[in-house]
Amino acid sequence: MLLRRLRRLSWGSTAVQLFILTVVTFGLLAPLACHRLLHSYFYLRHWHLNQMSQDFLQQSLKEGEAALHYFEELPSANGSVPIVWQATPRPWLVITVVTVDRQPGFHYVLQVVSQFHRLLQQCGPQCEGHQLFLCNVERSVSHFDAKLLSKYVPVANRYEGTEDDYGDDPSTNSFEKEKQDYVYCLESSLQTYNPDYVLMVEDDAIPEEQIFPVLEHLLRARFSEPHLQDALYLKLYHPERLQHYINPEPMRILEWVGVGMLLGPVLTWIYMKFACRPGFSWPVMLFFCLYSMGLVELVGRHYFLELRRLSPSLYSVVPASQCCTPAMLFPAPAARRTLTYLSQVYCHKGFGKDMALYSLLRAKGERAYVVEPNLVKHIGLFSSLRYNFHPSLL
């Protein structure tokens, strides 16, 4: 009986064709096409990671030098030092860049501020209500980049004119200090400008080209929806390595199934047409639903999210998870609540400010969201909290 069934399976049978398609796709074509994609399951880490990390560092050094020259050559207005971007007396949005003195040579904060300046200039009158603001939380006086930027951007210096007793206080660890610095910068932004929104950006988070049109659409259109109102914060970044469908975030499972239901019928129609199969087959459609779901997951959800950049209206807003805080947007009332909440928690190793913020959501009955795809790129391979002698992209 088994032999008779095997004989019926020919090269023209549907089962054999779909089996060959699966083997060729996942065993040959996808690995060949994706072995250099950093966030794909097909990525050959041992082959490419070290070289890609070194190339990334070299490129970051070049961009840091370019950002340094950008500000050194920035022309003055009427012989006086220009403010890079000055909003109306009461800004709609304050962009606060939190900075410490990081690895010399990379000029991370200069890269971030120069990119914001360029994008604000491109945005023109539509961004007249936006204010750039630098918050320097470096204890030493050796932060050269912050000194340079103070000629062009309003700066708040947390430790200016204060004694450095950090080393004398054993209860204040680097994670708690980071949280206290964050609270200081958020509070300074509110007190100095009284804006409608505060965008807190760490000094190694480069804004994407679409950041201002997307924020304009989200804040003026999408966040008027009832379920998005009164959110505590909106995250503009989530690590690419954590954006796969197989993750703790359950809402992604619905999206994953939706991908299969969208692509499955399309691929079924294409197959039926080219294989000259009459009618419609539910088993074949089920196969292509699972086939497309597997392909999207293994190639990397991150790369398919990039298609949403075609229009601000295509960006999605989903419930936030705990990691990480390179770019966080706070409505002013929510920012004041956040200051109160963070003053009630103590951070330590394993419980940084990102986890503290996330833990407050359930404890205080708050809601928070994240934008997909990311609106900033994280370029810092050197942490301000930990020594990293072997920086790597993963």
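Q: How far apart are the end C-alpha atoms of helix α8, and what span should its residues give?
A: Helices (H or I, at least four residues) and strands (E, at least two) are DSSP runs, numbered from the N terminus. The expected span of a helix is 1.5 Å times one less than its number of residues. The 24 residues of α8 (residues 251–274) should therefore span 34 Å, and the end C-alpha atoms lie 35 Å apart, which agrees. This is a predicted model, in which local features need pLDDT of at least 70, side-chain atom pairs count only at pLDDT 80 or more, and totals for chains, interfaces and linings use all residues. Residues are numbered from 1 along each chain as its sequence is written, and side-chain values use heavy atoms, with hydrogens and water left out.

Q: Which residues of α8 are buried?
A: Buried means under 20% relative accessible area, exposed over 50%, and partly exposed in between (1.4 Å probe, protein chains only). Among the buried residues of α8 are Arg252, Trp256 and Tyr271.

Q: How many disulfides does the structure hold?
A: A disulfide is a pair of cysteine sulfur atoms within 2.5 Å. The structure holds three. One joins cysteine 123 to cysteine 127, with S to S 1.9 Å, and another joins cysteine 323 to cysteine 324, with S to S 1.7 Å.

Q: Which parts does the pair of cysteine 135 and cysteine 185 tie together?
A: A disulfide joins these two cysteines, with S to S 2.0 Å. Cysteine 135 lies in strand β2 (residues 130–136) and cysteine 185 in helix α6 (residues 174–193), so the pair ties together parts that are 50 residues apart in sequence.
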